[in-house]
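Take a look at the model below. Then read on for a short tour.

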Amino acid sequence: MAQNLKDKEAYQRLNYLYQAAHCVLSENPENVELARFYCFTQKTIARRLVLRQDPSVKRTLCKKCCSLLIPGVTATTRQRRKKRKTRFTVVRCLSCGQSKALLNNPDYCLWADRPEAQLAQQKQPGDKPLNNTAPQLLRGWSPGPSSIQPQGGPDGPRETGLQQ
Ligand SMILES: [Zn+2]
């Protein structure tokens with residue numbers, strides 16, 4: 001994340017909130033609401049500042065109610081199969097019932113990690129919208145035009161508050 005140094009503080013805050021959610025849940029599994037508040041704050045910050053979070057983080061957050069998905073505590077995991085071959089791990093949120101299916105493929109490579117993605121970014125910086133290249137990665141992610149402040153700019157004011 002060397003190129004995102006200007007958002008270092010925001011990423012540190014996201015990291016803190018994510019760890020805090022894990023911490024309160026591990027201390028007491030009844031702290032679902034508090035963990036949800038932390039994750040909701042984390043999601044709001046990422047949306048307002050248009051920060052990309054790692055897929056490993058996003059896979060543990062419920063899209064619907066922002067719960068932290070811990071298998072056996074706040075979520076259930078089941079194996080599902082489609083057309084005999086493809087297997088999925090279905091993670092279901094115990095709070096709201098929303099489920100997400102993750103493909104069981106240890107060799108799966110994210111688009112951002114592929115060499116051709118790196119080449120494309122070097123050739124055309126800022127010219128290649130990620131939405132066209134990795135729809136499955138960015139599903140549920142929206143740039144949220146209302147959250148981008150017109151007076152901001154790349155080095156504009158960084159709002160860390162939650163004025164909504
Ligand atoms: Zn949920």
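## About the model

This is a predicted model, in which local features need pLDDT of at least 70, side-chain atom pairs count only at pLDDT 80 or more, and totals for chains, interfaces and linings use all residues. Residues are numbered from 1 along each chain as its sequence is written, and side-chain values use heavy atoms, with hydrogens and water left out.

## The zinc site

Four cysteines hold the zinc ion: C62, C65, C93 and C96 coordinate through their SG atoms, at 2.3 to 2.4 Å. Donors are N, O and S atoms within 2.8 Å of the metal (3.2 Å for Na, K and Ca); water is not among the atoms, so sites may look incomplete. Along the chain, the donors follow the spacing C-x2-C-x27-C-x2-C. C62 and C96 link distant parts of the chain, 34 residues apart. C62 sits in the loop between helix 3 (55-58) and strand 1 (75-82). C96 sits in the loop between strand 2 (86-93) and strand 3 (99-103). Helices (H or I, at least four residues) and strands (E, at least two) are DSSP runs, numbered from the N terminus.

The site is tetrahedral, with angles of 103 to 116° among the four donor atoms. Four donors count as tetrahedral if all angles lie between 85 and 135 degrees. The ideal angle for four tetrahedral donors is 109.5 degrees.

C96 is partly exposed, at 26%. Buried means under 20% relative accessible area, exposed over 50%, and partly exposed in between (1.4 Å probe, protein chains only).

## The hairpin

Strand 1 and strand 2 pair in the antiparallel sense over eight bridges. Two strands pair if DSSP finds at least two bridges between them. R81 has R87 in strand 2 as its bridge partner. The hairpin has three residues between the strands.

Most residues other than glycine have a negative phi. K83 is exposed, at 80% relative accessibility. R84 is exposed too, with a relative accessible area of 74%.

## A contact across the chain

D7 lies in the segment before helix 1 (8-27). D7 is buried, at 7% relative accessibility. The C-alpha atoms of D7 and L49 are separated by 8.5 Å, although the two residues are 42 residues apart along the chain.

Key: Four donors count as tetrahedral if all angles lie between 85 and 135 degrees; four count as square planar and six as octahedral if opposite donors are over 155 degrees apart and all others between 65 and 115; anything else is irregular.
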